[in-house]
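Here's a quick walk through the salt bridges and the nonpolar packing of one protein model. Have a look at it first.

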Amino acid sequence: MEEIKNIASFRLGLYVKLETPYKFCDIRPSIAYIFPEYIEGYDFWGYGDIDVIYANIRNFITKEILAEHDVISVRHDFLPGAFSLFRNCKKINLMFKESKDYVKVFTDARHYCFDEINFAYDEFAEGIPVEEIESEIESMTHLVKKLHNQKRINAYFDFHVIEGLPGKMK
């Protein structure tokens with residue numbers, strides 16, 4: 001954790017507060033910027049959860065989806081931390097910096113759920129549009145949807161996952 005925090009702080013030019021493993025979720029949108037040597041030569045990079053079985057993602061993430069989209073979400077409503085893909089290009093790799101709150105999120109030890117939607121799960125379950133959801137920070141979902149609506153990126157949101165707690169599957 002200390003090594004990752006030091007590399008992230010150096011590459012971002014900020015003192016990144018990475019005190020707990022779960023806080024790493026907040027800096028996941030900057031992985032390509034922090035660790036460019038690991039994604040070199042790949043068309044896409046992404047993040048996911050360790051408790052997910054992915055199987056053959058080409059059954060639902062097709063060549064056409066990959067060719068046409070910069071950001072790929074396997075949920076119809078928000079970017080899930082369980083699985084999100086990003087085109088490996090400068091514009092997308094730096095996209096996290098367009099959030100007005102990324103410095104606050106990265107330099108505060110508190111977990112903000114920046115990679116997803118700042119804990120607004122109930123609002124999304126109710127079908128409230130992202131633009132109408134009050135949020136303490138501009139999360140990656142807020143940012144991606146805003147940039148998509150401005151036609152600055154092409155984002156894909158579709159329902160490809162089933163998630164929830166045992167006994168409360170959605």
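## Charged pairs and packing

Lys 5 and Glu 19 form a salt bridge, with 3.4 Å between the closest N and O atoms (that is, a side-chain nitrogen of Lys or Arg within 4 Å of a carboxyl oxygen of Asp or Glu). Lys 5 sits in helix H1 and Glu 19 in the loop between H1 and helix H2 (24-27), so the bridge ties together parts 14 residues apart in sequence. Helices here are DSSP runs (H or I, at least four residues), as are strands (E, at least two), numbered from the N terminus.

A word on the basis: this is a predicted model, where local features need pLDDT of at least 70 and side-chain atom pairs count only at pLDDT 80 or more, while totals for chains, interfaces and linings use all residues. Residues are numbered from 1 along each chain as its sequence is written, and side-chain values use heavy atoms, with hydrogens and water left out.

The structure holds 13 salt bridges, including these two:

| Pair | N to O distance |
|---|---|
| Arg 28 and Asp 49 | 3.4 Å |
| Lys 146 and Glu 138 | 2.9 Å |

Lys 5 is buried at 6% relative accessible area (buried means under 20%, exposed over 50%, partly exposed in between; 1.4 Å probe, protein chains only). Glu 19, at 45%, is partly exposed.

What about the nonpolar side? The largest nonpolar core has 31 residues, and Phe 86, Met 95, Phe 106 and Met 140 touch the most other members. Such a core is a set of buried Ala, Val, Leu, Ile, Met, Phe, Trp, Tyr and Cys residues joined through side-chain atoms within 4.5 Å.
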